[in-house]
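Please keep the sequence and the coordinates open while going through them.

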Amino acid sequence: MTDRPTRRHILASGALAGIASGLLPELALGQTLPPTPECNDHGPATPRQTEGPYYKPKSPERTDLYVSGMAGQPIEITGRILTRRCQPVAGALLDVWQADHKGDYDNAGFTLRGHQTTGPDGLFRLRTVVPGAYPGRTRHIHVKVQGKGAPLLTTQLYFPGEALNAKDGLFRRDLLIRTAKAEGWLAGRFDFVLDME
Ligand code: FE
């Protein structure tokens, strides 16, 4: 992806230095990254993908799936939930589940599972670790997004620069998270577009 040292990336790196030292900024870091995908007025909605076998209902409400000391690369993913006219969707539900850094799901409990609701600006913020690949699958995060009046969106998000992306039949470029590298935390950005006006 774009790793050119743009002003946005420099800003992101500065903010990440803060997060690495324990000074969590008020503003979601990923907001300094360019949005992905760009929302075009009346453009396509975020594509749907299979739910897979590991979804569990009734996940805890939380934005932080990362627990201090958890193995793996911590990442903060931020973005917006938008309509096809690029308007923010307030009160949308974002339910997330993923494997740990070794590629294992917690099917007994709710580790690395959680849901949250967007505020009036349609923003979400998710702190987690980069999931590990598992047999047949490249790294991915599963999500369900529900906006009032929109059909439920079940899909998966992917990571840039992964050799296994090319070998995973489910992988799609338009479901790539944009990331900025830094010491400690990684910043990620993804905007969902729901199939609603
Ligand atoms: Fe999976």
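1. At 77% relative accessibility, K58 counts as exposed, where exposed means over 50% relative accessible area, buried under 20% and partly exposed in between, with a 1.4 Å probe and protein chains only. K58 lies in the loop between helix 1 (7–20) and strand 1 (74–82), and its phi is positive, about 65°, although K58 is not a glycine. Helices (H or I, at least four residues) and strands (E, at least two) are DSSP runs numbered from the N terminus.

2. A word on the basis of these notes. This is a predicted model, in which local features need pLDDT of at least 70 and side-chain atom pairs count only at pLDDT 80 or more, while totals for chains, interfaces and linings use all residues. Residues are numbered from 1 along each chain as its sequence is written, and side-chain values use heavy atoms, with hydrogens and water left out.

3. L112 also deserves a look at its backbone. L112 has a positive phi of about 60° although it is not a glycine, and it is found in the loop between strand 2 and strand 3. At 3% relative accessibility L112 counts as buried. As background, most residues other than glycine have a negative phi.

4. Which protein atoms are the donors of the iron ion? They are Y105 (OH), Y134 (OH), H140 (NE2) and H142 (NE2), lying 1.9 to 2.1 Å from the iron ion; donors here are N, O and S atoms within 2.8 Å of the metal (3.2 Å for Na, K and Ca), and because water is not among the atoms, sites may look incomplete. In sequence the donor residues follow the spacing Y-x28-Y-x5-H-x1-H.

5. Why is the arrangement around the iron ion irregular? The 4 donor atoms subtend angles of 90 to 155°, and four donors count as tetrahedral if all angles lie between 85 and 135 degrees, whereas four count as square planar and six as octahedral if opposite donors are over 155 degrees apart and all others between 65 and 115, anything else being irregular.

6. Y105 is buried at 11% relative accessibility, Y134 is buried with a relative accessible area of 16%, and H140, which lies in strand 5, is buried at 1%. A polar contact of 3.1 Å joins the side chains of H140 and Y134, and the side chain of H140 reaches the backbone oxygen of T138 at 2.8 Å; a polar contact is a pair of N or O atoms within 3.5 Å, where within protein one must be able to donate a hydrogen and the other to accept it, and residues adjacent in sequence count only if both atoms are side-chain atoms. Leaving aside neighbours within four places in sequence, H140 is in contact (heavy atoms within 4.5 Å) with residues including Q98, Y105, Y134 and Y158.

7. Q98, in strand 2, is buried with a relative accessible area of 1%. A polar atom of the Q98 side chain lies 2.9 Å from the backbone oxygen of V129. Beyond four places in sequence, the contacts of Q98 include Y105, L112 and H140.

8. An open sheet of 4 strands has the order 3-2-5-6, with antiparallel pairing; two strands pair if DSSP finds at least two bridges between them. Strand 3 and strand 6 (153–158) stand at the edges, each with a single partner strand, so one side of each is left without a neighbour in the sheet.

9. Within that sheet, 6 bridges join strand 2 to strand 5, with L94 opposite V145 and D95 partnered by K144. Another 6 bridges join strand 5 to strand 6, where H140 stands opposite Y158, and these two strands form a hairpin with 6 residues between them, G149 in the turn having a positive phi of about 85°. Because 6 of its 7 residues are buried, strand 5 is largely enclosed by the rest of the structure.

10. Strand 1 and strand 4 pair in the antiparallel sense over 7 bridges, and E76 stands opposite R127 in strand 4. With 5 of its 7 residues buried, strand 4 is largely enclosed by the rest of the structure.
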